[in-house]
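Trainee: Please take one part of this structure and walk me through it closely. I am new to it.

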Amino acid sequence: MNNTNLKEQLLADFQQFEGKLNGQAQTPFHQVRQQAIQTFNELGFPTIKHEEWKYSNVKNLVNQGFEFNAVSSFSQEDVNQLDIPNLEGNILYFINGVYNAELSVVVSPESELQILSLADAIKQQPELVAQNINKNSDIEVNAFTALNTAFAQHGIFIHVPAGKVVEQPVILRFISDARQANVASQPRNLIVIGKRAEVQVAEAFRSLGDNQCFTNAVTEFVVAEEANVHYYKIQNESDNAYHIGTTSVYQEGKSVFTANTVTANGGFVRNNLNIKIDGEYAEANMFGLYIPNGKQHIDNHTAVDHAKPNSNSNELYKGILKDKSTGVFNGKIFVREDAQKTNAFQSCKNVLVSADATMNTKPQLEIWADDVKCSHGTTTGQLNTDALFYMQARGISKEAARSLLMLAFAQDVIDKMEIPAIKAYLEELIVGKIYNS
Amino acid sequence: MLKITNLHAKIGEKEILKGLNLEVKAGEVHAIMGPNGAGKSTLASVLAGREDYEVTDGTVEFFGKDLLELAPEERAAEGVFLAFQYPVEIPGVSTTNFLKTAVNEIRKYRGEEPMDAVNFLKMFKQKMAYVNIDQSLLNRALNEGFSGGEKKRNEIFQMAVLEPKLAILDETDSGLDIDALRIVAEGVNKLKTPENATIVVTHYQRLLDYIVPDFVHVLYKGRIVKSGTKELALELEERGYDWIKEELGETV
């Protein structure tokens with residue numbers, strides 16, 4: 001499949017896909033799709049000449065063929081094998097991008113949590129979808145978002161009505177089953193949180209098998225006034241997995257949105273986290289941790305757009321880079337002219353534990369208001385040699401001392417996680433990666 | 001226990017130790033004194049195995065083993081303990097977790113089973129009472145935000161837990177007020193047995209009021225130029241180092 005051109009394949013696929021939409025073609029969303037495929041066609045896949053993709057080259061990805069939404073034999077038995085111990089709550093499974101209601105378990109009452117496949121939501125709740133989708137979208141400039149939007153179908157629509165506090169977390173588990181062939185998926189999720197509602201949502205990405213897999217995910221949150229959302233994106237995919245994902249968040253006044261993005265494994269990962277704060281006295285928190293080894297490549301692009309006054313954003317990303325791995329951090333903060341009294345803090349700290357690892361960091365602040373507090377700082381260094389010697393002088397071997405220091409470095413981001421099972425799962429992955437790889 | 005013969009060491013191109021000889025036997029307390037830049041801290045660092053220093057000549061035997069052949073962690077496991085002049089702050093690692101790792105790594109080196117949590121806690125409690133250190137300090141990240149006195153007390157606590165055969169106190173008195181000094185010295189004295197030994201590296205005599213040495217050595221220009229008993233320390237306190245330089249035939 002070396003000569004396959006992914007763009008041509010996808011444009012042709014869209015013709016077929018459109019032909020099968022039947023009733024959906026009459027919904028308002030269909031226009032969004034058509035616009036999106038056109039944008040994708042115009043933009044094409046980015047090259048490294050594109051400023052936003054300077055350090056993340058998708059050349060190898062777009063020269064391969066993938067089967068989208070491939071049928072998988074993934075069963076309950078496989079679920080048990082992939083278990084995250086003690087995970088409780090609403091657990092929804094997506095196999096190769098397609099929601100699998102049979103494997104999924106919903107424990108929260110419908111009055112708290114309304115869950116529909118996106119395709120059903122487009123048909124059954126056309127207005128609610130149209131009102132909320134692409135609320136803070138990068139569709140005009142990001143070919144991957146445009147592509148995802150054109151094919152949006154198999155993800156999930158979640159609605160937490162106003163005033164509801166969802167006690168049990170919502171866990172979305174995306175499984176790429178690459179045991180038989182190269183597979184690809186484009187999950188598209190829309191999560192609408194009503195006024196004063198509260199919910200914890202986790203997206204967990206896993207891959208199976210050694211074939212190539214490609215995930216192009218877009219998840220949108222629309223967070224109404226005074227709502228509180230705790231979001232997790234956790235990634236544990238193979239070295240043959242490409243993941244390009246965008247999480248777009250639109251926040252109204254007095255809302256709180258906290259994102260924890262932890263990448264334990266993945267061959268090529270690009271995470272975009274775009275938050276627009278469009279109300280006063282709102283708060284956005286962005287925490288991230290990435291531990292690439294081998295030849296893994298992990299890129300986090302974040303953007304927080306302060307459009308209204310008196311809001312806060314706080315960001316801390318940390319990376320430990322081993323072997324020949326590469327990392328990218330690009331953090332944008334926009335403070336619009338109206339957004340006086342904004343507090344925006346950004347920090348990105350990295351440790352290179354190998355001479356062959358590379359980290360590229362770029363903070364980008366654009367501030368139009370004059371009465372704001374903003375700070376940013378990025379550091380990339382090695383493990384502290386004084387600390388290493390101190391530990392060795394107490395009998396701790398150099399290797400164990402290095403591991404202890406790496407774990408200590410990651411600890412404050414790990415401690416931000418509030419779902420115990422997810423925290424424990426990630427801690428184990430991280431410890432394993434630090435000590436054994 | 002420890003036999004240092006003709007030790008030469010340099011950092012970068014600068015030779016600091018230039019033929020140092022010293023023998024320490026079990027049950028003894030040795031004080032190493034000397035003016036600034038004499039090589040006191042270098043000696044402590046070389047014995048503990050800091051990589052920045054290169055040993056160019058001489059030997060160091062510790063219970064008959066070639067100490068210089070061992071990695072820092074192996075020296076610690078053999079029973080060498082360096083109390084740091086500037087204990088390092090390590091955010092994210094609690095003192096408890098740090099010492100538990102250290103104890104079990106040393107036990108592994110000695111071919112012993114790891115200590116289980118219950119026994120560790122019991123031992124810990126005992127040692128805490130022994131050196132009079134507060135639990136709250138041990139739950140915090142290692143040395144992070146500790147005062148000078150707290151850091152030094154933590155060093156002595158670590159010494160109590162690891163029970164070294166040879167403890168090297170590198171300028172332990174620096175930055176301590178008299179009360180903290182007394183508490184730290186008390187801890188060191190309590191830990192003394194006929195089987196272990198202590199080397200106290202210090203610029204001032206005052207620590208030796210509390211930790212009484214059997215021998216006092218003057219380190220100057222990378223060599224031990226004079227040895228005596230505790231009276232020598234008092235004389236140095238009174239007269240400074242110039243008379244020693246004169247004795248060596250230097251013009252002051």
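Mentor: **A salt bridge and the helices beside it**

Lys398(A) pairs with Glu51(B) in a salt bridge, their closest N and O atoms 3.3 Å apart. The term means a side-chain nitrogen of Lys or Arg within 4 Å of a carboxyl oxygen of Asp or Glu. The rule finds three salt bridges across the interface of chain A and chain B.

This is a predicted model: local features need pLDDT of at least 70, side-chain atom pairs count only at pLDDT 80 or more, and totals for chains, interfaces and linings use all residues. Residues are numbered from 1 along each chain as its sequence is written, chains are lettered from A and ligands numbered from 1 in the order written, and side-chain values use heavy atoms, without hydrogens and water.

Now the wider interface. Here 16 residues of chain A are in contact (heavy atoms within 4.5 Å) with 29 residues of chain B. About 1,900 Å² is buried between the two chains, 65% of it from carbon and sulfur atoms. Buried area is the accessible area (1.4 Å probe) that two parts lose on being put together, summed over both. Phe389(A), Tyr390(A) and Arg394(A) supply 42% of what chain A buries against chain B, more than any other three residues.

Back to Lys398(A). In H9(A), Lys398(A) is among the residues that meet H8(A). The H8(A) side includes Ala387(A) and Met391(A). By class, this contact has six nonpolar, one polar and two charged residues. Nonpolar covers Ala, Val, Leu, Ile, Met, Phe, Trp, Tyr, Cys and Pro; charged covers Asp, Glu, Lys and Arg; the others, Gly among them, are polar.

How values were computed
Helix = DSSP H or I, 4+ residues; strand = E, 2+ residues; numbered from the N terminus.
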